[in-house]
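Hi,

Here is the structure I promised to pass on.

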Amino acid sequence: MRERWSVGVVCALLAALVTGCSSANGSDAGEGRLGGKAPASSTSSATTQPSGYGTVFLGVDECSSFGTTSFTEVPCTSERAAARVIARYDGDVSDGPACPAITDFVLHISAQGSSGGVSDGVIPKGYACMRNLEPPHPGDPGGGGGPRTIVGDCVYGSGSGQVRETACDGSGQRKPQYKVVKAVLRRASCPASTALYVQLGGEQPVGCARPV
């Protein structure tokens with residue numbers, strides 16, 4: 001059995017449904033974060049300037065619209081509402097906590113200074129973990145997207161030691177080759193049928209993937 005290990009590197013794009021990438025590495029555990037050591041998955045992101053509805057821009061349980069170049073906070077009852085914030089953190093995604101497993105995409109929020117030009121910003125730089133109000137949900141197991149790889153997700157080999165996530169039902173541009181069937185602490189705990197090890201991060205950082 002040929003063993004491979006994949007470590008994710010986020011590919012941030014403006015679209016709501018995009019595929020992510022990962023690169024080969026010999027490490028046995030990793031950080032469950034977006035950025036340099038993210039899992040083999042996808043994230044949709046946009047840098048957006050704070051404006052809109054709530055006291056705290058895009059706070060937890062608040063909603064955003066979808067736009068071609070930016071996202072605007074709107075009431076969740078609005079016809080323009082498209083996604084809800086399920087977690088919100090200050091700072092860079094590479095330094096902060098990982099988004100929840102069911103996150104569909106991530107919004108990167110630029111800091112906004114006061115009218116007096118305060119450099120540290122009235123609203124600090126941060127990121128919001130978003131969940132679509134209606135299907136599809138690429139962050140769900142097998143959905144083919146989201147900023148994290150979780151049990152139930154599928155990937156395919158993209159060459160040069162990399163894998164990309166794709167929908168398990170074959171509806172994506174590429175057919176799935178492997179499916180993550182279990183999350184464990186160490187590779188030795190994976191089933192014998194494991195053909196690919198995917199870095200997930202968290203308390204059980206090793207994803208055991210088998211051919212589909």
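Predicted model: local features only at pLDDT ≥ 70, side-chain atom pairs only at ≥ 80, totals over all residues.

Isoleucine 102 counts as partly exposed, at 40% relative accessibility. On that scale, buried means under 20% relative accessible area, exposed means over 50%, and partly exposed is what lies in between, with a 1.4 Å probe and protein chains only. You'll find isoleucine 102 in the loop between strand 8 and strand 9. Leaving aside neighbours within four places in sequence, isoleucine 102 is in contact with Ile86, Arg131, Gly139 and Asp140, where contact means heavy atoms within 4.5 Å.

Residues are numbered from 1 along each chain as its sequence is written, and side-chain values use heavy atoms, with hydrogens and water left out.

Now the overall picture. The protein has 0 helices and 15 strands; these are DSSP runs numbered from the N terminus, with helices being H or I of at least four residues and strands E of at least two. Of the 212 residues, 44% are buried. Take the contacts between residues at least 6 apart in sequence: 55% of them join residues at least 24 apart. The accessible surface comes to about 10100 Å², and carbon and sulfur atoms account for 49% of that. Those areas come from the Shrake-Rupley method with a 1.4 Å probe, and for residues only the protein chains shown count as cover.

Next, two polar side chains. Asparagine 132 sits in strand 10 (residues 126–132) and is buried, with a relative accessible area of 10%. A polar atom of the asparagine 132 side chain lies 2.9 Å from the backbone oxygen of proline 136. Not counting residues up to four places away in sequence, asparagine 132 touches Phe66, Ala82, Ala83, Asp104, Phe105, His137 and Pro138.

Arginine 88, in strand 8 (residues 83–90), is buried too, with a relative accessible area of 15%. The arginine 88 side chain makes a polar contact with the side chain of aspartate 90 at 3.5 Å. By polar contact I mean a pair of N or O atoms within 3.5 Å; within protein, one must be able to donate a hydrogen and the other to accept it, and residues adjacent in sequence count only if both atoms are side-chain atoms. A polar atom of the arginine 88 side chain also lies 3.2 Å from the backbone oxygen of phenylalanine 57. Phe57 is among the residues that arginine 88 touches beyond four places in sequence, and so are Ile109, Ile123 and Tyr127.

On to the rings. There are 4 aromatic pairs in the structure. One of them is phenylalanine 66 with phenylalanine 105, a tilted pair at 5.5 Å centre to centre and 50 degrees between the planes. This pair links distant parts of the chain, 39 residues apart: phenylalanine 66 is in the loop between strand 6 (63–64) and strand 7 (73–74), and phenylalanine 105 is in strand 9 (residues 105–109). Rings of Phe, Tyr and Trp (its six-membered ring) pair if their centres lie within 6.5 Å; planes under 30 degrees apart are stacked, over 60 edge-to-face, and the rest tilted. Phenylalanine 66 is partly exposed at 42% relative accessibility, whereas phenylalanine 105 is buried at 1%. Phe66, Phe71 and Phe105 form one aromatic cluster.

Last, some strand pairing. Strand 11 (residues 154–159) and strand 12 (residues 162–166) run antiparallel, joined by 5 bridges; two strands pair if DSSP finds at least two bridges between them. Cysteine 154 stands opposite threonine 166, and glycine 159 opposite glutamine 162. The two strands form a hairpin with 2 residues between them, and serine 160 in the turn has a positive phi of about 55 degrees. Strand 11 also pairs with strand 13 (residues 178–184), antiparallel over 2 bridges, with valine 155 partnered by tyrosine 178.

Cheers
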